[in-house]
Structure formats: structure tokens, C-alpha cells
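I opened this entry to look up two things.

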Amino acid sequence: MHSELIVSTYNNPRSLALCLDSVAMQRVMPDGICIADDGSGPETRAVIDAFAARHPDLALRHLWHEDRGFEKAAILNKAIASSPAELLVFIDGDVMIHPDFVARHLRLTRPGRFSTGSLIRLDAEATASVTPEMVRSGLVFDRGWLRRNRAIRKLSTWLKTRPFPVPVMAALDLVSPVRRALCGANASVWRSDLLAVNGYDETIKYGGEDKHLGVRLNNAGVRGRHLRFSAPLVHLDHPRDYADPDRIRRHKAMIRAARKSGEARTPNGIVKDGEGGRADA
């Protein structure tokens, strides 16, 4: 099985550098890493080049398109279409992943089943305090540090830090009542399943693109599996100036419609209906 970690990013070079530091600490590495770049500037390119220079043994590719506003779905579709891997693991470039994160996804995801987890969120003050050394030492996943920095305020978040052995946390994953909605910052899907539903719907900009994909995967018979408590991931705070309430309402309506209709394949995905071509090229 060939795997690729797909990291989406846009003009957040500091967070991306911290994210890639956490990727380098994985106990099981993916076969490849793709930076899916939604039009970032040269600072992001510099971060990627520096990481590649420090880790020449890692197969790294940088996929970029011109900045046309929030088009994460489009750059992810390009990453999916061009990937040589069978299994794709997705994160955002503003997260730090636990050293066992990739291994957990590779263990659970298979054809006909996607895996998805959740986030431990840092506020702006805690985010500003994070250093590369803290990522490399694992301090950012330490429950004491997270508690002191206001990231753990309820039981469910404490459980996301994986306080018990993996078999215990895996059992909690199975019984979690939370809907298995795909979270694009913590997910893995077999590439053939993504091609079958034609990837992301590119008419959805910020707000709901991942959930819409997850609903369509479910409609295609691809069921979700939680890693809510067994694959820790810490999210770095950032502004969301691109959030548009009207678009978000529209996207929520699209998600409800997909659930009701049973739609699996989007006509506005990797292949645009009417333009020809194949999604498995």
C-alpha cells in the first residue's frame, strides 16, 4: 500500500513550518508528502524548500495554483488526481500531529472506509508561544502544557490527548456518539473512493467542503471510522477573514440536500461534467 500525506496551506508560513516539524517526527512516515498550496506567496515556498533541504530522504512535492480567493477544494482535487498513492491522509498546514498520527490512519483506513478525527484548539496567545523545539520535543501534546494554556476545558478535549493506552482510546472511538462527519484537518480516505465521488465539490468555498465530501462518501457506501481519541492533533489559531456567512448558509443547505438525495458524485469535482476527461487519470 502506497500512502501520501496531503497538507493544505495558504499564506501561513509560520504554522506550516511547525506543522512540517511535527510531520518529521512521525514514527511511521507516509511514502510521500504533498503540500497542496492554495496560492501562497514566496514565504511559504521558502518554508517548503528549507524543510526539503533538512529532510532529503522524504519524498516531497509542492502543488500550487494561482491565488483566486479561497479555493482549497480545487487544490485538493489536483492533489488527489495527481497522487501516485492508494491511501491519502489529509491535514491542514495549521496543525501539529502527534508522532503516532500517520500510523493510526494507515492502520485503520481501507477501501470502503474513511477515518476522521478531531482537533485540540489553541487560542491566539498559546499559538504565539509555540516554538519548533516544543514541537520536536512533543511538549505541545503534553496534557499539563495544554491545560496551562487553556486548551483543555472539558472531558472530551482531555480524552483527545490520548490519556490511556491506544486500545482503550480505540474502544472509546468506537462508542463515541459524535457523527462521523469528515474533518479535512484530520482524515484519511482511499484514493479510489475519492475518485468514485469525483473528489471535492469546487463550488463550495470556505465552510462545509469537508462535510459535503463525507456525506457523499457515505452515500457511495464508504463509511466513517472515528480516530477522535486515538490520533491527537493540535490546531494553531489564525484569523478567518475569508469566512462569508451567506456562503456558509448555502453550503449547509447543500449538505442537507446531499443527505436527503443520496447524491454521491459531484459534477463540479476533479472532472467537470461537460469538459470531458477522467477522474482516474
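How many bridges join strand 1 to strand 2, and do the two run parallel or antiparallel? I counted 6 bridges between strand 1 and strand 2 (residues 32–37), and the two run parallel. The model is a predicted one.

Strand 1, helix 1 (residues 13–24) and strand 2 form a β-α-β unit, and the unit is right-handed.

I then turned to strand 4 (residues 87–92). Strand 4 is joined to strand 1 by 6 bridges, again in parallel. Here L5 stands opposite V89.

Is strand 1 buried or exposed? I found 7 of its 7 residues (3–9) buried, so strand 1 is largely enclosed by the rest of the structure. I checked the two faces separately. S3, L5, V7 and T9 are buried on one side. E4, I6 and S8 are buried on the other. Both faces of strand 1 are therefore covered.

Last, the cysteines. How many disulfides are there? My count came to 0. C183 is in no disulfide either. Its nearest cysteine sulfur, that of C19, is 13 Å away. I also logged the burial of C34: its relative accessible area is 0%, so C34 counts as buried.

Note on methods
Residues are numbered from 1 along each chain as its sequence is written. This is a predicted model: local features need pLDDT of at least 70, side-chain atom pairs count only at pLDDT 80 or more; totals for chains, interfaces and linings use all residues. Side-chain values use heavy atoms; hydrogens and water are left out. A disulfide is a pair of cysteine sulfur atoms within 2.5 Å. Buried means under 20% relative accessible area, exposed over 50%, partly exposed in between (1.4 Å probe, protein chains only). Helices (H or I, at least four residues) and strands (E, at least two) are DSSP runs, numbered from the N terminus. Two strands pair if DSSP finds at least two bridges between them. A crossover is right-handed if, with the strands pointing away from the viewer, the path from the first strand over the helix to the second runs clockwise.
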